[in-house]
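Hi,

Here is the structure I promised to pass on.

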Amino acid sequence: MARDEFQRELDALRDEILRLGEVVSTRLRKSITALDSHDVSVAARIADGDSEINELYLDLEQDCIDLFALQQPVAGDLRFVAASFKILTDLERIADLAANLAAYVVSAEDETFPDLGITDLATTAVSMLDDALAAYEDGDPTRCRAIADSDDDLDGRCERVAQQVIRHLVDRDPDADELEPLLTEVTRVLLTIRDIERIGDHAVNIAARTLYMTENDDALIY
């Protein structure tokens, strides 16, 4: 295959992964909106509607496999295809976590913890995802490293909010009728915080693969 045609295939792969990233980011933003407004109808649609993302993921996975098998890329091209293949997995998992966030909205029975700032945590996570996709698009190593720094901040904030929830549980003295629904709500909130933190982790993974792709630097890969 001529180099120009091969480059067009690589460019098309990048464009399609960015398109998948935009779909995932949009879904995540809708989940955050539903979380903030407690909109059960929107949340239910997000929780049940990941077929588009699954189809895009499988198509792009096959494109990567075909490039590996048929074109046998080397050096920078090999790093690009390998990184793109890994980034696909992170995007698919972020979509799953967005569905989880929506499902937690659907299952919520009350607002025991209305002032924790969980929406702010989620907004930080989606901003990290958007920055990671921009870094992938532009091959920007500086932005990749900044995303890793942002994740340290997000992790600390998530831990502090989780501790607030646990302190609330310890300090409260519920009667027998209140205990089970309180434990259910505590579990739901802690799972929400955990999944937001994981979204940040996947954004770092995308940045890490991009840094490896652009500079052959595996410092952020873990």
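This is a predicted model: local features need pLDDT of at least 70, side-chain atom pairs count only at pLDDT 80 or more; totals for chains, interfaces and linings use all residues.

**Helix α5 and what I found around it**

In α5, the buried residues are Ile118, Leu121, Ala122, Ala125, Val126, Met128, Leu129, Ala132, Leu133, Ala134, Ala135 and Tyr136. Buried here means under 20% relative accessible area, exposed means over 50%, and partly exposed is in between (1.4 Å probe, protein chains only). Helices (H or I, at least four residues) and strands (E, at least two) are DSSP runs, numbered from the N terminus.

Residues are numbered from 1 along each chain as its sequence is written, and side-chain values use heavy atoms, with hydrogens and water left out.

Back to α5. Its 21 residues should span 30 Å at 1.5 Å a residue, and the end C-alpha atoms are 31 Å apart, which agrees; the expected span is 1.5 Å times one less than the number of residues. After α5 comes glycine 139, with a positive phi near 60°.

**The whole chain**

The chain has seven helices and zero strands, and along the sequence the pattern reads α-α-α-α-α-α-α. Its C-alpha trace spans about 75 × 35 × 25 Å along the principal axes. Of the 222 residues, 42% count as buried. Taking contact as heavy atoms within 4.5 Å, residues 24 or more positions apart account for 82% of the contacts with a separation of 6 or more.

UniProt, in an unreviewed entry, lists residues 17–104 and 118–209 for "domain: PhoU". Positions from there are given in the numbering used here, feature names are shortened, and annotations may be inferred rather than shown by experiment. Over residues 118–209 the chain is 93% helix and 0% strand, with the end C-alpha atoms 28 Å apart.

**Aromatic pairs**

How many aromatic pairs are there by the ring rule? Rings of Phe, Tyr and Trp (its six-membered ring) pair if their centres lie within 6.5 Å; planes under 30 degrees apart count as stacked, over 60 as edge-to-face and the rest as tilted. By this rule the count is two.

One is edge-to-face, because the rings of phenylalanine 68 and phenylalanine 85 have their planes at 75°, with centres 6.2 Å apart. This pair links distant parts of the chain: phenylalanine 68 is in helix α3 (residues 51–71) and phenylalanine 85 in helix α4 (residues 75–107), 17 residues apart. Phenylalanine 68 is partly exposed at 29% relative accessible area, and phenylalanine 85 is also partly exposed, at 27%.

The other is stacked, because the rings of phenylalanine 80 and tyrosine 136 have their planes at 10°, with centres 6.2 Å apart. Here phenylalanine 80 comes from helix α4 and tyrosine 136 from helix α5 (residues 118–138), 56 residues apart, so to speak a link between distant parts of the chain.

**Two buried residues**

Threonine 192 is in helix α7 (residues 176–215) and is buried, at 2% relative accessibility. Its side chain reaches the backbone oxygen of arginine 188 at 2.9 Å. Not counting residues up to four places away in sequence, threonine 192 touches Leu35, Leu101, Tyr104 and Ile118.

Valine 23 lies in helix α1 (residues 3–37) and is buried too, with a relative accessible area of 17%. Leaving aside neighbours within four places in sequence, valine 23 is in contact with Glu52, Ile53 and Leu56. From valine 23 to aspartate 195 is 19 Å, C-alpha to C-alpha, and 172 residues in sequence.

Most residues other than glycine have a negative phi. Histidine 38 has a positive phi of about 55° although it is not a glycine. Histidine 38 lies in the loop between α1 and α2 (40–48) and is partly exposed, with a relative accessible area of 39%.

Asparagine 216 also has a positive phi, near 55°. Asparagine 216 lies in the segment after α7 and is partly exposed, at 47% relative accessible area.

Cheers

Key. A polar contact is a pair of N or O atoms within 3.5 Å; within protein, one must be able to donate a hydrogen and the other to accept it, and residues adjacent in sequence count only if both atoms are side-chain atoms.
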